[in-house]
Amino acid sequence: MSFLPPLLEPILYLAAFGAGLSVLIGTVEFRGKTVSYASFIAPALLAINMMYNSFFENTYGSFVRMYYQKTFDAMLATPLSLEEVIAGEMAWGATKSLIATVLMQAVVSLFGLIQYPEGLLILPLSLLGGIAFASLGMVFTAEMSHIEMFNLPIFLLISPMFLFGGTFFPLEALPPWAAKIAWAFPLTHLVELTRWCALGSLDAGLIWNFLYLVAFSCLFFPLAIWRMKRRLIK
Amino acid sequence: MGRKEEAVVEAFHLRKTFGDLVAVEDVSFCVMKGECFGLLGPNGAGKTSTIRMLYGFSPLSGGTLKVFGMDIEKDWRSIRARIGVCQQENSLDPDLSVEENLQVFARYFDIPLSEAKKRARELLRFVGLDGKREAKVSQLSGGMMRRLVLARSLVNSPELLILDEPTTGLDPQSRHQVWERLEALKLQGISIILTTHYMEEASRLCDRLLIMDHGRVLAEGTPSDLIREHVGKEVLEVGNPPDGLKVLIREKGLEHEDLGHRLIVYTDSAQKVFETLGKHLGEGSCLLRMATLEDVFLKLTGRELRE
């Protein structure tokens with residue numbers, strides 16, 4: 001059931017934006033390339049899908065397991081450490097991102113919007129993006145006292161990234177100061193990497209986007225474990 | 001007891017603080033192999049905090065704790081592999097079926113899946129849930145869930161079973177079911193540590209027990225020793241005692257508690273008490289009964305409500 005959205009969502013988005021807006025927009029010109037609007041947003045939809053699946057799994061999903069179902073308490077009576085339990089939660093968040101990406105990419109590919117073989121790189125990329133957003137979500141889970149408080153990071157962080165992370169229009173359309181802020185978002189880098197893999201044109205500059213996500217994960221993954229230990233070990 | 005005495009748990013001067021709050025001040029005890037040991041105390045006495053230190057969930061704030069002769073701080077992983085824990089709160093996974101709950105839990109102990117399946121079936125039979133193998137946890141009654149948690153805590157064939165209020169909130173039928181299972185486990189030679197505030201449960205199951213309050217040990221011993229030592233053999237309860245009776249009891253120095261509308265006299269010889277008090281007993285109800293663990297508990301921990 002939880003993997004039905006990645007199958008249906010791209011069809012809805014592509015119908016609304018691809019077919020609807022394409023009439024108005026036609027093609028997008030950016031970084032010296034001209035691409036159809038549908039192939040511009042399709043990779044962004046994939047990247048957003050990675051973010052949603054891992055972030056929501058390790059916020060709402062993990063919070064329910066931790067707070068309501070007491071699953072972690074039960075696991076901590078077995079030879080597992082809290083570090084292992086939390087790392088496992090985030091690994092599952094990243095795995096969910098991969099599964100959702102496989103499903104959505106299959107649908108999007110039917111429309112001929114992904115170039116292969118470069119497009120195959122999107123699969124390992126979904127694990128990296130998944131770990132980044134899983135870790136971010138887990139940090140919030142460690143800090144939130146109530147499940148409704150997740151509205152805050154969603155409203156202040158996830159939604160702005162969804163709208164302004166180079167997803168539905170090129171960052172060049174933003175005023176320079178706003179573009180600078182957008183480059184601080186992890187989603188912007190994930191969209192960038194996914195887009196160039198989908199368009200089938202890779203260049204050396206992408207290494208910086210990749211390194212950003214690696215650094216982001218290396219920071220937030222241990223941070224999540226540390227904050228969860230502070231919360232749960234009493 | 002004939003068999004060689006071997007300590008499963010050795011706890012010395014355990015201490016647990018949460019910021020300024022002292023949950024466990026100073027608790028020491030030993031649990032011997034094959035023994036059922038009870039931790040009794042009112043709410044907030046520090047029972048659960050003590051239990052949580054026992055299985056390495058909470059780090060100690062002070063003292064030393066050895067389980068199976070190993071240090072809990074260092075060897076928690078090998079200790080946890082050999083114990084089963086039945087926590088107070090229901091922590092079953094509602095997304096999984098009854099059988100899957102056991103199988104998944106067995107995997108945390110690195111028990112191979114085929115072995116886990118076999119073990120799950122045996123345990124479901126043991127707790128009388130064979131018929132519910134495919135059921136979702138949410139379809140179980142409170143008593144069934146408790147039995148499933150008990151089955152889950154046995155999945156690694158533990159040598160020591162730790163039970164935190166195993167029957168709280170259960171109806172009498174379910175409670176007796178759980179007691180019967182625990183008695184069967186005792187016969188198999190499993191050591192058990194149990195917290196409870198049901199005195200009947202403690203008298204029935206525990207070989208030895210400890211009564212604690214405010215993070216300290218108040219008394220320790222076998223149920224019968226504790227009753228003899230702190231209360232005596234018999235208890236005389238007098239309803240609506242006349243004032244003359246209260247004065248007389250104080251004069252004679254009889255051990256008693258005056259609850260206002262009710263007077264409780266502890267004694268080793270009811271006959272002597274009757275001879276002494278005779279006609280002063282008045283018109284109110286008068287009940288002579290055997291002393292119980294509950295008398296000991298209330299005498300040691302007081303009668304005020306705990307929040």
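**Exercise 1.** State what covers the buried residues of helix 9 of chain A.

*Solution.* The model is predicted: local features need pLDDT of at least 70, side-chain atom pairs count only at pLDDT 80 or more, and totals for chains, interfaces and linings use all residues. Residues are numbered from 1 along each chain as its sequence is written, and chains are lettered from A and ligands numbered from 1 in the order in which they are written.

Step 1. Helices are DSSP runs (H or I, at least four residues), numbered from the N terminus. A residue is buried if 20 or more other C-beta atoms, placed from the backbone, lie within 10 Å of its own. Among the buried residues of helix 9 of chain A are Tyr212(A), Phe216(A), Phe220(A) and Met228(A).

Step 2. The cover of these buried residues includes helix 4 (82-110), helix 5 and helix 8 (186-199) of chain A.

**Exercise 2.** Determine how helix 5 and helix 9 of chain A are oriented to each other.

*Solution.* Step 1. Helix 5 (residues 122-143) and helix 9 (residues 206-232) of chain A pack at about 30 degrees, with axes 8 Å apart. Axes are lines fitted to C-alpha atoms over the stretch in contact, and angles run from 0 to 180 degrees between N-to-C directions.

Step 2. Angles under 35 degrees count as roughly parallel; helix 5 and helix 9 of chain A are therefore roughly parallel to each other.

**Exercise 3.** Identify residues where helix 5 of chain A meets helix 9 of chain A.

*Solution.* Step 1. Contact requires C-beta atoms, placed from the backbone, within 7 Å.

Step 2. The residues of helix 5 of chain A include Leu128(A) and Val139(A), and those of helix 9 of chain A include Leu213(A) and Arg231(A).

**Exercise 4.** Count the residues in contact between chain A and chain B.

*Solution.* In chain A, 13 residues are in contact with 16 residues of chain B.

Note on methods
Contact = placed C-beta atoms within 7 Å. Helix = DSSP H or I, 4+ residues; strand = E, 2+ residues; numbered from the N terminus. Parallel < 35°, antiparallel > 145°, perpendicular 65-115°, else oblique. Buried ≥ 20, exposed ≤ 12 C-beta atoms within 10 Å, placed from the backbone.
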